Amino acid sequence: MRINEVEQAVGITKKNIRFYEQQGLLKPSRSAENGYRNYTEEDVAILHRIKLLRKLLIPIDEIRKLQENQLSLSDCLERHMIYLSHEEKNLAIIDQMCGRMREQESDLASLNAILYLTEMKQIEKEGMRFLNVEIQDTKKKKAGPWIATIVMMIFMGLLMAIFIWGEMEDPLPIGLFMAILCIPVVVMIGVLAALRQRLKEIEKGEEYEASKY
């Protein structure tokens, strides 16, 4: 079965299917002749289960633990229900605050932000969370690509410095030297382009598309 057929059968995008493969949740076989992925009925069943759990807001890490038998479905759902109960209380507090702001504040210019922020800070000390967890997770995901990019840029910079030092010690034909020097420059440009693309994928990745199921 090809990925287009799986997309229609499960009702999720090819992008998400590949995302789940990257996360190790799906491991389709590959054709020995052309290297194309071959999806089976079991792969489709796995994707249906993933789709269900993601619609219930079960995190990717939890699904991975379920697949690896590190966590039972019962324990997973119980933990998730506790989390949802906590979130429900948080949302109730937010709802109350929004209601008071609607009644007490006439417009944005007169909004006493410091007053409400002080109140929120006190509530957060008691365990309340106002920030969206998915936004925090996105920031964590961005750290990896940034670190890899910085390391690669430093490495390429050092390589360029070595080339220039070598040229000063034992000059090469200018054309050859420029061609060699262009290699790390091209790599750096490619790394920056890859970083930009990766950050876009994180911003509009599986978490965003899951809401469209």
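What follows is a walk through the core and then its surroundings.

Analyst: This is a predicted model, where local features need pLDDT of at least 70, side-chain atom pairs count only at pLDDT 80 or more, and totals for chains, interfaces and linings use all residues. Residues are numbered from 1 along each chain as its sequence is written, and side-chain values use heavy atoms, with hydrogens and water left out.

The largest nonpolar core has 21 residues. Such a core is a set of buried Ala, Val, Leu, Ile, Met, Phe, Trp, Tyr and Cys residues joined through side-chain atoms within 4.5 Å. Buried means under 20% relative accessible area, exposed over 50%, partly exposed in between (1.4 Å probe, protein chains only). Val6, Ile17, Tyr20, Leu47 and Ile50 have the most contacts inside this core. At least two of its residues come from each of helix 1 (3-10), helix 2 (14-22), helix 3 (41-55) and helix 4 (60-67). Helix 3 gives the most, with 5 residues. Helices are DSSP runs (H or I, at least four residues), numbered from the N terminus.

Now Val6. Leaving aside neighbours within four places in sequence, Val6 is in contact (heavy atoms within 4.5 Å) with Met1, Gly11, Ile17, Tyr39, Val44 and Leu47. A second, separate core has 5 residues, among them Met97, Ile123, Met128 and Phe130.

For the whole protein chain, 27% of the 213 residues count as buried. Contacts between residues at least 6 apart in sequence join residues at least 24 apart in 54% of cases.

Ile154 lies in helix 7 (residues 133-169). Ile154 counts as exposed because its relative accessibility is 51%.
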